[in-house]
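This report goes through selected strand pairings, salt bridges and helix contacts of one protein model. The sequence and the structure are shown first.

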Amino acid sequence: MRVEPITCYRPRPELASEFVAPPYDVFDLEGARSYVRERPRSFLAVDRPETAFPPEHDPCADDVYEKAHELLAARAADGTLLRDGTRCFYLWRQRWAAGERTGTVGAFAVDDYTNGIIRRHELTRAAKEEDRTRHIRATNCQTGPALLAYRDNPVLGALVEAAKTAEPLYDFVDGDDVRQTVWRVARPAAVESLRLMLGYVERAYIADGHHRIAAAERICREMRTSEKDGCSGTEAYNFFLGALFPASQLSVRAYNRVVADAAGLAEDELVSAVEAQGFRVGPRLDAPVEPEAPGVFGMYAFGAWRRLKLTAPAPDDPRAALDVSLLQDRVLGPVLGIEDPGEDPRIEFVSGTAGMGELERGAGEKGAAFSLYPTTLSQLMAVADAGELMPPKSTWFEPKLPCGLFVRRINHRESILDGARRALGE
């Protein structure tokens, strides 16, 4: 796998805690507006520039993306963002109540994604991919890292741990009580050692950031077409911004389902239909059911929880054997009529971090909610290695990587960012 050091814009260390923000896609529009109202100088204003316009304004209009460019330049002009022109790697540790992980931030080859060395596990949605493509095109920057996983490598792990003995560049606690610590690896010998060891990683897996990478690939194709014979393959647009973590350090949470209605079924009819699909359905329960193992599900409907246990043999196919697939293929589709979970407005996806109460509220009196055992990282890798794709919203990785710590320009096209740099005397 090819991974290169980066140059980037990054926040002034003393301003980092108030500047960085959660990823753009964890908010709906109103949530993003509320966040930016409370933190107008946060990076989310750049990542979600529609928050700068009145509600009736078209969020996909050209001036919305132009606003992102303008806001990014403003943060460079006022000194919030500094330009680090030295090609280096960054080591990024996140510590939270349940654990910690340390990854390497760098530029990952788009060709490795195209050729399957960096493997995806889900489809992208056209609208979201177009949004990130236009954002990159307007800002000329990649503004958020993709979260990647690799099978643990002890030598690479030892290099990373050795570099963490230096003084960190950033060390702060964010709004989600996650301690974010970053080390800068700039010494040429250390950079080269890390680059060479990353080259021995045979395969990486996208944990989070499919749309960012797909957008980076689209921009890369555009630039290669534009440059024609002038493209050497080393230009910045041939790479995307990512953070690579050992698989053993990643934490996966469940992604539960809520369906707006029971498809016209009465309670006894719903139970019978689920049993006919190969499940043992338990009695009504007052307490929520949090599955303790694969093949066990919780179902909330008609004011009560029930424990579902798969009794039919699980398929050999790695995708079909996933709990999210079993629920979709045996219950959501044939019983409740959710044929396309990625597009059907009757279904919502709720992170396991939201709690069981959120499932009950979502189902209400007429709907149904389902709690699942989390998809494991080994299952994700098996599906990706088989060249298959998981159903939408199969995994929820926690904690998310905040955005704004690293902003990477992808070419030298004239930009108002250049004016901002000149204003700072660079």
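## Helices H7 and H8

Val155, Leu156, Leu159 and Val160 of helix H7 are in contact with Ser193, Leu194, Met197 and Leu198 of helix H8, where contact means heavy atoms within 4.5 Å. Helices here are DSSP runs of H or I with at least four residues, strands are runs of E with at least two, and both are numbered from the N terminus. H7 covers residues 154–163, and H8 covers residues 188–198.

Two packed helices are described by the angle between their axes and the distance between the axes. H7 and H8 pack at an angle of about 155°, and their axes are 10 Å apart. That makes H7 roughly antiparallel to H8, a label given to angles over 145 degrees, while those under 35 count as roughly parallel, 65 to 115 as roughly perpendicular and the rest as oblique. The axes are lines fitted to C-alpha atoms, for helices over the stretch in contact, with angles from 0 to 180 degrees between N-to-C directions. The crossing of H7 past H8 is left-handed, that is, the near helix is turned anticlockwise from the far one by less than a right angle, whereas clockwise would be right-handed.

## Basis of the values

The model is predicted: local features need pLDDT of at least 70, side-chain atom pairs count only at pLDDT 80 or more, and totals for chains, interfaces and linings use all residues. Residues are numbered from 1 along each chain as its sequence is written, and side-chain values use heavy atoms, with hydrogens and water left out.

Strand E4 spans residues 99–109, and nine of its 11 residues are buried. Buried means under 20% relative accessible area, exposed means over 50%, and partly exposed lies in between (1.4 Å probe, protein chains only).

E4 is paired with E1, E3 and E11; two strands pair if DSSP finds at least two bridges between them. Strand E3 (residues 81–96) is antiparallel to E4 over seven bridges, and Arg93 is placed opposite Thr102. Two residues separate E3 from E4 in a hairpin. Strand E11 (residues 239–246) makes six bridges with E4, again antiparallel, and Phe108 has Phe240 in E11 as its bridge partner.

## Salt bridges

How many salt bridges does the count come to? The count comes to 33, a salt bridge being a side-chain nitrogen of Lys or Arg within 4 Å of a carboxyl oxygen of Asp or Glu. In one of them, Arg87 meets Glu4 at 3.4 Å, N to O. This pair links distant parts of the chain, since Arg87 is in strand E3 and Glu4 in strand E1, 83 residues apart. Glu4 is buried at 13% relative accessible area, whereas Arg87 is partly exposed at 46%.

Glu4 also forms a salt bridge with Arg195, with the closest N and O atoms 4.0 Å apart. Here strand E1 is linked to helix H8, and the two residues are 191 residues apart. Arg195 is partly exposed, at 27% relative accessible area. Arg2, Glu4, Arg87, Glu192 and Arg195 are linked in a network of salt bridges.

A further salt bridge joins Arg41 to Asp78, with 2.9 Å between the closest N and O atoms. Arg41 lies in the loop between helices H2 (29–38) and H3 (44–47), and Asp78 in the loop between helix H4 (62–77) and E3, so the pair ties together parts 37 residues apart in sequence. Arg41 is partly exposed at 38%, as is Asp78 at 36%.

## The six-stranded sheet

An open sheet of six strands has the order E14-E16-E15-E18-E13-E17, with antiparallel pairing. Its edge strands are E14 (279–281) and E17 (347–351), each of which pairs on one side only. Neighbouring strands are turned by 25° against each other on average, direction ignored. Within this sheet, E13 (residues 255–259) and E18 (residues 368–371) are antiparallel over three bridges, and Arg257 has Phe370 in E18 as its bridge partner.

## Met223 in helix H9

Met223 lies in helix H9 (residues 210–227) and is buried, with a relative accessible area of 17%. Leaving aside residues up to four places away in sequence, Met223 touches Tyr237 and Asn411. Met223 and Asn411 are 188 residues apart in sequence, and their C-alpha atoms are 9.2 Å apart in space.
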